[in-house]
Amino acid sequence: MAQILETDRLVLRDWEDADLDRIYDIYRRWEVMRWLGKDPKVMDDISQARGFIDTWNKRSAAEADYGLWAVEIKETGTLAGAGLLAPLPDEDHTRNGEIEMGWHLHPDCWGFGYATESGRALIQRGFDLGLEEVYAVVYPDNERSLAACRRLGMDELGRSSRWYDSELEVFVAKRPPPRRYPRRDRSPRDA
């Protein structure tokens, strides 16, 4: 298992076989899936969870900077859900250099600040990779995710249908400028 990120309460890591049942439990729920993709569908068989693990671990291995990783609660070892840092597809489904971050959490992990905490870590990872901006795209009626983006201090850019063939609220986090300290003239005593 490769650990990708760590926060005070969470670990973002590669998927493991032990995650199979919990993945299925997350993605079989309409209250989670309704916010994912243009034509969301719930998992209806645990074999789909196996495919999920295989697909995302292969993608992460091929492109280590980006992926969809397991979000685990340190204190309990519970799989809270998934954290995403990935290229946004342009209208023609090619990459345009814009990177999104996001999360998919089990409903029993909603309301504990895990989306905000993982989101903050994912944005920082993007900046550490040299990105100037990290995006989030959210369905306009997904109040929980909209609130998390606002808590993260992301700038609201309005609605766009540019990605995923859906009208989405677009947020962006911009890399803060480097801190500049006032220059101080050095006297001989400082040398």
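Trainee: Which residue stands opposite valine 170 in β8?
Mentor: Valine 137 does. This is a predicted model, where local features need pLDDT of at least 70, side-chain atom pairs count only at pLDDT 80 or more, and totals for chains, interfaces and linings use all residues. Residues are numbered from 1 along each chain as its sequence is written, and side-chain values use heavy atoms, leaving out hydrogens and water.

Trainee: How many bridges join β6 to β8?
Mentor: 6 bridges join them. Strand β6 covers residues 133-138, and the two run antiparallel. Strands here are DSSP runs of E, at least two residues; helices are H or I, at least four; both are numbered from the N terminus. Two strands pair if DSSP finds at least two bridges between them.

Trainee: What about β7 and β8?
Mentor: Also antiparallel, over 5 bridges. Glutamate 156 stands opposite phenylalanine 171 in β8.

Trainee: Is β8 mostly covered or open?
Mentor: Mostly covered. Of its 7 residues, 6 are buried, meaning under 20% relative accessible area with a 1.4 Å probe, protein chains only.

Trainee: Switching to helices. At what angle do α1 and α3 cross?
Mentor: Roughly 110°, and their axes come within 9 Å. That makes α1 roughly perpendicular to α3, a label for 65 to 115 degrees. Axes are lines fitted to C-alpha atoms, over the stretch in contact, and angles run from 0 to 180 degrees between N-to-C directions.

Trainee: Which residues meet there?
Mentor: Among them, Leu20 and Tyr24 in α1, and Phe52 and Ile53 in α3. Contact means heavy atoms within 4.5 Å.

Notes. Parallel < 35°, antiparallel > 145°, perpendicular 65-115°, else oblique. Buried < 20%, exposed > 50% of the residue type's maximum accessible area, 1.4 Å probe, protein only.
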